[in-house]
Amino acid sequence: MKKILALGLAATLSAAGVAAFAGCGAEDEFVVGAIYINSQTDTAGYTYAHHNGITKAMEQLKLDAKTQLKIVDNVAEDTETVKKAVDTLVGQGADIVFGISFGYIDALEEKATEYKDIAFSHATGYKSNDKNFNNYFGRIYQARYLAGVVSGLKAKALDANASSYNLGYVSAYTTEYAETCSGINAYALGVQSILGDSVTVKVKKLGEWGNETNEKAYAEDLLTNHGCNIIAQHCDSAQPQIAAAAANKFGCGYNSDMTKDAPKGHLTAPIWNWDVYYNKAISAAKKNFDEYKAQGGNKADYMGKYVETVGGNYYGGLKEGFVDISALNAATVTEDAQKYVDAVKALIVAGTWDVFSGKALTYTVGENGAITVTPVDSVLTKNDNTPAGAVTDAVITGSMDYLVKGVTEV
């Protein structure tokens, strides 16, 4: 009955301008469903990275994305719209539904209760249950720090004798979300590890996750009116990198390698290898689905084991290969950038240091050019000059709500 109802709702979605693939999956065929904030045809940015991750994971698992992946894209962060998107995917036979945007959180929580025979997985959020609904995100701040190191080296190379440095950052939000402010802070700390207290990271807030027009305009303002020659970002498109390159400046993108969009300006980008998680999640849901097909009975009893099978909520980092930075652009980065990146990454992967561990990094360059990195005690300080206190991985799920010293909103 629910699937029949969901099929009727597909027409409503179409009328609302939400793109959806038609056609139901066969009852004996495992089907993956996905709800995207932007278009599945994007060639860079957030939705592109997720779509690439899902299709890559399906290929790894020998699933046919052409027939076993159903998508509803361009779905706004409106609870009723997201609920209708879920109904559409259920009508198309989805056995697991991924929702990739934070604002989908309440709708997925509700629908996981309604559709107990389907697995649900939500990106960037914090809600879950112990049966068929989990969340996933990761330590992207680790990659942000690496991008900050690369940016600091570039800023220093552009003007080694400067008394101060300004770097720009176009961000969807700032302190409203731990996701955004932890990324800004990690990037700033990475830059500061190279340039010390002489650097200011200037942030312009979009107030939305993506707006290509404003992303470009805000980057241009940082370049023209705030003395920034390097632009980082936490927004969906490559427009800040395109704007930087057009001004003969430089930048670090996000979500995907944006070198192809700005080959003469892009340095590197913090990226997600989403297939690492999607492989894990799809494998878990398919295992439960296959048990149901083999043993029969109530499907909800099997899919209700999804959270246990997948191992709960997921927060991977550099160690797991879930996050990283894209290949350094040899045309723009400093010659020694890779050595610095490798040295810092080795500490994080080994578990001997992390970005918000209360220790700053210092670098020593050997006679052979080798980079030695040493963590030293350092008080993490907010930009109002008060101590931030201890920080744990809870930053991923919402504990950070401040900007560090050296970061200012403009």
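1. Glu 80 comes out as partly exposed because its relative accessibility is 44% (buried is under 20% relative accessible area, exposed over 50%, partly exposed in between, using a 1.4 Å probe and protein chains only). Its salt-bridge partner is Lys 83, at 3.1 Å N to O (the criterion is a side-chain nitrogen of Lys or Arg within 4 Å of a carboxyl oxygen of Asp or Glu). Lys 83, at 12%, is buried.

2. A quick word on provenance: this is a predicted model, where local features need pLDDT of at least 70, side-chain atom pairs count only at pLDDT 80 or more, and totals for chains, interfaces and linings use all residues. Numbering runs from 1 along each chain as its sequence is written, and side-chain values use heavy atoms, with hydrogens and water left out.

3. Both Glu 80 and Lys 83 sit in helix H4 (residues 79-91), three residues apart, about one turn (helices, H or I, are DSSP runs of at least four residues and strands, E, of at least two, numbered from the N terminus).

4. Glu 291 is buried at 17%, while Lys 287 is partly exposed at 44%.

5. Lys 345 and Asp 324 also form a salt bridge, at 3.0 Å N to O. This one links distant parts of the chain, helix H13 (residues 337-350) and strand E14 (residues 323-325).
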